[in-house]
Amino acid sequence: MPEFSGKLVYVVEADAVLREDITRQIGHFGYAAEGFPDVAAARDAVRLRHPAAMIVTLTFPEGHTAMIISEIQLMTDHVLPVIFLAEQDLLALRLRAIRFGGVAYFPKPPDINRIVSALDRVTDAGETPSYRILIIESDQTLLQHYERILSDVGMHAYGVLDPMNALEAMAEVNPELILMNLYYDECLGVELASVIRQNEQYVSTPIVFISRDTNRERQLAAIGRGGDDVLVHPIQPQHLISSVTARVLRSQILRNLMIRDSLTGLLNHTALRQKLEAEVERSRRTGRPFSFVMTDIDKFKRVNDAYGHPAGDQVIKNLARAIKQRVRPTDVVGRNGGEEFGVILPETGAEEARAAILRIQNAFAQIRQRYDAHEFFCTFSAGVASFPEFADAKALGDAADHALYDAKRAGGATATIARAHGAESASPPPSVNPADAVDGARGEDKRPTPSREGW
């Protein structure tokens, strides 16, 4: 698994101590942060590398800052998000920040959790969606035409000439939308749509028919038998793009309500299990290994007892953010329940997976957890199981859970690899100041024997 490289953020703050603290803390959350004493120094850096966002302290007189930020904005091919910090929380200052292109404003001393939340929001918003679209079209010229239209706007378009190969293609692509004809030589489009809908995995996948048939009654009948829309050929490129985008977005909103955890925004337990089962099937076809990691926050009950459940929720959100920011786009992260998370790492062996999770453990252990006036540190433990050593989703889940239990028994803040004949020795825990850590007295936590029912 390649070394992590996070989104680049420039931090502009004259106070060297505060600048270093902000840079270090957002770095623990997965951002590649660089600090500068003033906006002029940041401007010189932008000439060499464009950041995903900037954090800038608003100084007075602000005209100089505004002029240089305007110069920086002209250097990029898109609006660069700027998060402003200031000594006072005044409406007049907030208005000035907006005029300078600010997307967020925080009074000093800054709350790192709020800054990181703002960074997550503004850096994700600028990413171009790369939807997976499966096109089932028996006319090769038309197939290539549709592929080109969608690929030109950043979508991943996969073509199938023979409708009889549709199910195999769907299992491989796992599309977010299907474009298909109403009529094929081999079958009717509505018949194929009905077969697709018989698979629970594709019940909510949008199906858009393309047809030369302008009869509205037949179009409505097609929608009633499994389709979501009918586009009439010939179709203008922008109409096709707009229709596909709207359908995928609507489907994602509805699906996210069903499969996302409300606190963290990650996949919920059921969706994570389905992803694990799908990855097992994919890896069986390709013959490639993958790893499944289960994590659990150490001594989490102490956080709730000492600071209250809202503080515990903040720690859970911080761990979710730290993991999500430090894995690859192809990896899958879900909340297994409570303070437990699961991570699926495709094409990654056990040793690589453990090395990756140890890096995340080390970063998380250094995050200063803050809630109201309280500051503390937390750690987490992890268990790693890999395919094909464990051959199905239940075996992987059970093995990772057992390995996690072994990591807890070893003192926590470490990662253990599950072996078919016993767990491997845990690695040394990351360094953290026990005096500052709510979970500093390791070894006292007696995690109950894990339940096997969930997998």
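This is a predicted model: local features need pLDDT of at least 70, side-chain atom pairs count only at pLDDT 80 or more; totals for chains, interfaces and linings use all residues.
Helices (H or I, at least four residues) and strands (E, at least two) are DSSP runs, numbered from the N terminus.

Axes are lines fitted to C-alpha atoms, for helices over the stretch in contact, and angles run from 0 to 180 degrees between N-to-C directions. Contact means heavy atoms within 4.5 Å.

Another open sheet also has five strands, in the order β12-β13-β11-β16-β17, but its pairing is mixed. Because β12 (332-337) and β17 (415-417) stand at the edges with a single partner strand each, one side of each is left without a neighbour in the sheet. β17 pairs with β16 (residues 380-387) in the parallel sense over three bridges, with valine 384 opposite isoleucine 417 in β17. Helix α11 (residues 269-286) lies across β11 (290-297), β12, β13 (340-346) and β16, running at about 20 degrees to β13.

Then there is a helix pair. α13 (residues 309-326) and α14 (residues 350-365) pack at an angle of about 140 degrees, their axes 10 Å apart. The two are therefore oblique to each other (angles under 35 degrees count as roughly parallel, over 145 as roughly antiparallel, 65 to 115 as roughly perpendicular and the rest as oblique). On the α13 side, the contact is made by Val315, Asn318, Leu319, Ala322, Ile323 and Arg326, and on the α14 side by Ile360, Ala363 and Phe364.

As for confidence, the chain averages a pLDDT (the predictor's confidence in each residue, from 0 to 100) of 85, and 89% of the residues score at least 70. The pLDDT is below 50 over residues 1-5 and also over residues 439-454.

Residues are numbered from 1 along each chain as its sequence is written, and side-chain values use heavy atoms, leaving out hydrogens and water. Local features need pLDDT of at least 70 and side-chain atom pairs count only at pLDDT 80 or more, while totals for chains, interfaces and linings use all residues.

Definitions and conventions. Two strands pair if DSSP finds at least two bridges between them.
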